[in-house]
Amino acid sequence: MMMTVEKMEMLLRSAREHRAQIKVYELYMDNFEADGMLYVAENAEPIVYGRIKKNLQRLKLEAAIVESCVCALTAEERFIIKTHMIDGLDWSRTIVEMEGKWTKEFGRDGRTLKQKQQNALVKLVGLFNSWFEQTVAPDIAGDGSE
């Protein structure tokens, strides 16, 4: 499973929506478990429960990947990725937020921030793929040591 810049962008841009979905699914699961299996079995909902549980696990994994990878960025890179890609602010608003956090002495125009974002994405993809190769790939190939 190799990560690409496009896949990483998709993960980052959907992170906010995924956090909301996780909360909804967790509420459903809590209510489902509180109602008990008898009620659910009568209404043939175990299938729905299983799908939601599977989706919840996938969403939590994706959220953990995003959170873990973004932690490896510098404060400036993390701010750009979080503000523009995860929170969904447009570039003009991202620039205003950036100027409010850091002085303008570094010349942060839209082009500069876009380049910093692209560099951060490439860095994230490289880190993810490196971590994947170091941990999962050896086990798949059968030469991992435990």
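**View 1. Salt bridges in the predicted model.** Seven salt bridges are found in a search of the whole structure, a salt bridge being a side-chain nitrogen of Lys or Arg within 4 Å of a carboxyl oxygen of Asp or Glu. The model is predicted, and local features need pLDDT of at least 70, side-chain atom pairs count only at pLDDT 80 or more, and totals for chains, interfaces and linings use all residues. Residues are numbered from 1 along each chain as its sequence is written, and side-chain values use heavy atoms, with hydrogens and water left out.

**View 2. The salt bridge of Glu 26 and Lys 60.** The closest N and O atoms of Glu 26 and Lys 60 are 3.1 Å apart. Helices (H or I, at least four residues) and strands (E, at least two) are DSSP runs, numbered from the N terminus. Glu 26 has a relative accessible area of 29% and is partly exposed; Lys 60, at 39%, is also partly exposed. Here buried means under 20% relative accessible area, exposed over 50%, and partly exposed in between (1.4 Å probe, protein chains only).

**View 3. The salt bridge of Glu 62 and Arg 58.** The side chains of Glu 62 and Arg 58 meet in a salt bridge with an N to O distance of 3.3 Å. Both residues lie in helix H3, four residues apart, which is about one turn of the helix. Glu 62 is buried at 16% relative accessible area, whereas Arg 58 is partly exposed at 38%.

**View 4. The salt bridge of Glu 77 and Lys 123.** An N to O distance of 3.0 Å is found in the salt bridge between the side chains of Glu 77 and Lys 123. Glu 77 is in helix H4 (residues 75-86) and Lys 123 in helix H6 (residues 110-135), so that the pair links distant parts of the chain, 46 residues apart. Glu 77 is buried, with a relative accessible area of 15%, and Lys 123 is partly exposed at 31%.

**View 5. The largest nonpolar core.** The largest nonpolar core has 19 residues, of which Met 8, Leu 12, Val 66, Ile 81 and Leu 121 touch the most other members. Helices H1, H3, H4 and H6 are the elements that give two or more residues to this core. A nonpolar core is a set of buried Ala, Val, Leu, Ile, Met, Phe, Trp, Tyr and Cys residues joined through side-chain atoms within 4.5 Å. Leaving out residues up to four places away in sequence, Met 8 touches Met 3, Cys 69, Leu 121, Leu 124, Val 125 and Phe 128, contact meaning heavy atoms within 4.5 Å.

**View 6. Helix H6.** The end C-alpha atoms of H6 are 37 Å apart, which agrees with the 38 Å that its 26 residues should span at 1.5 Å a residue. The expected span of a helix is 1.5 Å times one less than its number of residues. Among the buried residues of H6 are Leu 113, Gln 117, Leu 121, Asn 129 and Phe 132.

**View 7. Helix H4 and His 84.** Nine of the twelve residues of H4 are buried, and the helix is mostly covered. The buried residues include Glu 76, Phe 79, Ile 80, Thr 83 and Met 85. His 84 lies in H4 and is buried, with a relative accessible area of 9%. Apart from neighbours within four places in sequence, the contacts of His 84 are Arg 13, Phe 79, Leu 89, Asp 90, Trp 91, Thr 94 and Gln 117. Gly 88, which follows H4, has a positive phi, near 80°.

**View 8. Val 96 in helix H5.** Val 96 is found in helix H5 (residues 91-101) and is partly exposed at 43% relative accessibility.

**View 9. Cys 69 and Cys 71.** Zero disulfides are found in a search of the whole structure, a disulfide being a pair of cysteine sulfur atoms within 2.5 Å. The closest cysteine sulfur to that of Cys 69 is in Cys 71, 9.1 Å away and too far for a bond. Cys 69 is buried at 2% relative accessibility, whereas Cys 71 is exposed at 54%.
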